[in-house]
Amino acid sequence: YLARRALRRGLFPVQSHGESTSNMSCFVPVADDGYEACANCGKQGSDTVKLRNCTACRLVKYCGVDCQRAHRKQHKKACKQRAAELKDEQLYSQGHERLEGEFCPICTLPIPLRLDEHSALNICCMKRVCRGCDLAARKRGMEDCPFCRSPRPAGDADELAMIQARVAKKDPVAINLLGQKYIFGELGLQKDTRMAVKLWEEAAEIGSIDALFNLGLAHERGEGVKQDMAEGAEFYKKAAMQGHVKSRNNLGCLEGQQGNFNRAVRHFLISAKMGNKNSLEIIQKIFMAGHATKEQYAQALKGYQEALEEMKSHDRDEAKRLRDERGL
């Protein structure tokens, strides 16, 4: 068992900061004339009798709270199963498009992953600009921010001051970024994991999806909070359903570590099609281990290659060539 678990963890390394519907035993009774009826007492719905769905599973309807309570024991098992299936339907059907902040605001193309290798976050405006557009701007003699034209920070103190100015304006991107600076102890800040988590919680509340991912990683690792794998997975799910690629990859890793290969592959297929190379490589390993089909691997490879094509530009290719020459 330990050997198998170690193997799974080796196959499914999570990335860092930086099923079919079964037959149900419960159903909505239908009266002879076609109207739905209360699942408990059989009272027929009408203009005067308004039936309400079970909010968890939506499989059955009730004429009132008393009937819902009386029917709870009989309905509980099917309700729980269907509610889980509905959550899965949402989890796997949502978040197939990249985040808005992962598209260059100048050329409007999605930025290749990893983001930090192919783009730079300009802290003056908190806009992430791809290396290709940054290079094109420099060719035209523009040394300031290529998006808002603000001067670039002169050093760590200047950079921290610019971030804090955006934080004061409740910018979720800036608040999340400040949390990252605290987690690594950068820009002269003392490393403080609890402060990082506090900032990520604030950023997540006002819309930062990256902060949801960082909270997932913090709970999974026990950084600044008590380690809680289940809580970490919940943060990953919230982020993944909104298009966060690394969160989707990490969900696949967590499922794979538990031996849930079918669920893992479904996550990796989504993230591979969004351009995540790590997900593609893991699907290949799962396929070679006999836990994924040839068709699934082919589908992931095709989707990944199509995603790369969508991200290509002449300026980006030139920027990559220059960085490779410099060993960056």
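Student: Leaving aside its neighbours within four places in sequence, with which residues is H244 in contact?

Tutor: Some conventions come first. This is a predicted model, in which local features need pLDDT of at least 70 and side-chain atom pairs count only at pLDDT 80 or more, while totals for chains, interfaces and linings use all residues. Residues are numbered from 1 along each chain as its sequence is written, and side-chain values use heavy atoms, with hydrogens and water left out.

The chain has 14 helices and 4 strands (DSSP runs numbered from the N terminus: helices are H or I of at least four residues, strands E of at least two). H244 lies in the loop between helix 9 (229-240) and helix 10 (245-257). With neighbours within four places in sequence set aside, H244 is in contact with L99, I209, D210, F213 and A239, contact being heavy atoms within 4.5 Å.

One of these residues, D210, also has a polar contact between its side chain and that of H244, at 3.0 Å. A polar contact is a pair of N or O atoms within 3.5 Å; within protein, one must be able to donate a hydrogen and the other to accept it, and residues adjacent in sequence count only if both atoms are side-chain atoms.

H244 counts as buried because its relative accessibility is 4%. Buried means under 20% relative accessible area, exposed over 50%, and partly exposed in between, with a 1.4 Å probe and protein chains only. Of the 328 residues of the chain, 42% count as buried.
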